[in-house]
Amino acid sequence: SVPDSGPAMAKPQVAVAPVVISKLSVNAPEFYPSGYNSGFAESSFEDGCDGYLTLTEYVQDFLNHLTEQPGCFETEIEQFAETLNGWVTTDEALQELVELIYQQATSVPNFSYMGARLCNYLSHHLTINPQSGNFRQLLLQRCRTEYENRDQAAKGDETTRKQFHAFVLFLAELYLNLEIKGTKGQVTRAEVLQAGLGELLNALFSNPVDNNLICAVKLLKLTGSVLEDAWKEKGKNEMDEMIQRIENVVLDANCSRDVKQMLLKLVELRSSNWGRVHATSPYREATPENDPNYFMNEPTFYTSDGVPFTAADPDYQEKYQELLEREDLFPDYEENGTDLPGAGDPYFDDIDDEMDPEIEEAYEKFCLESEHKRKQ
């Protein structure tokens with residue numbers, strides 16, 4: 001409180017904060033977080049290899065960019081391939097390109113699918129074709145190096161097995177995405193990969209530890225239907241043998257309960273034809289002979305004793321005839337006993353029988369849709 005100092009009150013003192021002068025400048029350079037490459041984000045590789053000193057730097061930046069923004073594949077892959085065609089002109093450069101893509105696809109989580117798509121595109125659009133082999137041949141040679149060590153890798157320590165599993169899933173994606181064009185223009189899958197995946201599965205099941213079995217489940221969920229179709233075309237029953245091995249593992253292996261459940265779910269998936277839905281058979285008019293649900297939507301009637309019956313009842317005709325005779329005795333009533341509109345009632349006599357145009361249009365649309373669904 002302010003003490004009374006006579007007739008005039010003393011004015012309270014107000015503290016004024018000192019004005020802080022900002023050191024920020026409108027001309028300051030734009031801020032980017034540490035590790036953020038502004039030139040990389042802005043160019044989106046539209047400028048090709050400008051600003052890059054080496055092929056490794058350019059390719060690795062593009063692979064990282066594709067990892068973070070997979071949706072850019074369709075819009076930027078053509079420019080990437082054109083740039084590579086101007087840069088990859090020697091055997092050594094092509095080998096380096098293959099190794100960079102392989103390492104990205106087997107070391108970065110979730111890049112195996114995108115890596116396989118990238119490999120397929122480059123295998124058809126890179127113009128260099130040295131004596132040591134084109135892009136696809138060198139890629140398969142690189143994969144073969146890992147493939148040859150499959151048994152040792154499946155028995156190795158946890159780190160070794162983890163690297164091996166990444167290779168297995170990348171090879172599975174390659175099998176699904178790598179297109180081989182024949183001399184007549186037909187497109188097929190690489191036969192060598194089909195055989196390789198079978199051997200990789202054998203290596204995994206021969207060493208039934210949990211993470212090996214999980215990798216096998218992922219591989220079969222990814223490629224099982226395609227592999228089985230390919231094996232059947234050759235008259236082989238390798239998938240039957242694979243399922244038998246799975247059942248033996250469930251019975252005998254010391255794997256965890258959760259992994260056993262995964263294996264059983266896989267067997268169930270295969271028994272349902274890998275979840276594939278076949279086209280429905282051509283439409284046939286439903287009859288009591290070919291449709292067990294034929295009578296489900298039939299109306300229910302009642303005898304004079306109140307006993308319900310439908311068209312499925314053996315005495316349907318006899319009971320229905322009795323119902324018709326009862327209706328003759330009560331011409332002014334419906335089957336449920338309510339008055340029929342217009343039966344001597346002046347109110348109902350004045351009502352127009354025609355439907356409202358909007359209701360009539362909606363009703364016709366409903367009838368057409370119902371008929372279309374029924375025929376489907």
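Trainee: Let me start with one side chain: does Tyr-58 count as buried or exposed?

Mentor: Before the answer, a word on ground rules. This is a predicted model, so local features need pLDDT of at least 70 and side-chain atom pairs count only at pLDDT 80 or more, while totals for chains, interfaces and linings use all residues. Residues are numbered from 1 along each chain as its sequence is written, and side-chain values use heavy atoms, with hydrogens and water left out. Now the general idea: buried means under 20% relative accessible area, exposed means over 50%, and partly exposed is in between (1.4 Å probe, protein chains only). The areas come from the Shrake-Rupley method with a 1.4 Å probe, and for residues only the protein chains shown count as cover. Tyr-58 has 0% relative accessibility, so it counts as buried.

Trainee: Thanks! How many aromatic pairs does a search of the whole structure find?

Mentor: Rings of Phe, Tyr and Trp (its six-membered ring) pair if their centres lie within 6.5 Å; planes under 30 degrees apart count as stacked, over 60 as edge-to-face and the rest as tilted. By that rule, five aromatic pairs are found in the whole structure. One of them joins Tyr-58 and Trp-87, a stacked pair with 5.9 Å centre to centre and 20° between the planes. This pair links distant parts of the chain, with Tyr-58 in helix α2 (residues 55-68) and Trp-87 in helix α3 (residues 73-87), 29 residues apart. Helices (H or I, at least four residues) and strands (E, at least two) are DSSP runs, numbered from the N terminus. Trp-87 has 23% relative accessibility and therefore counts as partly exposed.

Trainee: And why is the pair of Phe-62 and Phe-80 stacked?

Mentor: Their ring centres are 3.9 Å apart and their planes are at 10°, so Phe-62 and Phe-80 count as stacked. Because Phe-62 lies in helix α2 and Phe-80 in helix α3, this pair ties together parts that are 18 residues apart in sequence. Both Phe-62 and Phe-80 are buried.

Trainee: On to charges. How many salt bridges does the structure hold?

Mentor: A salt bridge is a side-chain nitrogen of Lys or Arg within 4 Å of a carboxyl oxygen of Asp or Glu. The structure holds 10 salt bridges. In one of them, Glu-99 meets Arg-142, with the closest N and O atoms 2.7 Å apart. Glu-99 is in helix α4 (residues 91-107) and Arg-142 in helix α6 (residues 135-147), so the pair ties together parts 43 residues apart in sequence. Glu-99 is partly exposed at 29% relative accessible area, whereas Arg-142 counts as buried at 17%.

Trainee: Where do Lys-232 and Glu-228 lie?

Mentor: Both Lys-232 and Glu-228 lie in helix α10 (residues 210-233), four residues apart, which is about one turn of the helix. Their side chains meet in a salt bridge (3.6 Å, N to O). Lys-232 counts as exposed at 55% relative accessibility, but Glu-228 is buried, with a relative accessible area of 7%. The two also belong to a network of salt bridges that links Glu-228, Lys-232, Asp-240 and Arg-270.

Trainee: Which residues gather in a patch of negative charge on the surface?

Mentor: Patches are made of residues with over 30% relative accessible area and no salt bridge, with like charges joined within 9 Å. Here Asp-356, Glu-358, Glu-360, Glu-361 and Glu-364 gather in a patch of negative charge on the surface. Glu-360 sits in helix α15 (residues 357-375) and is partly exposed, at 34% relative accessible area.

Trainee: Last one, on the backbone. What is the phi of Asn-110?

Mentor: Asn-110 has a positive phi of about 70°, although it is not a glycine. Look for Asn-110 in the loop between α4 and α5 (112-125), where this residue is exposed at 78% relative accessible area. Trp-274 also has a positive phi, near 60°, and is a residue other than glycine. Trp-274 lies in the loop between α12 (257-271) and β3 (301-302), and counts as buried at 10% relative accessibility.

Methods: Patch = residues over 30% accessible without salt bridge, like charges linked within 9 Å, V, L, I, M, F, W, Y side chains within 5 Å. Lys, Arg positive; Asp, Glu negative; His and termini not counted. Charge placed at Lys NZ, Arg CZ, Asp CG, Glu CD.
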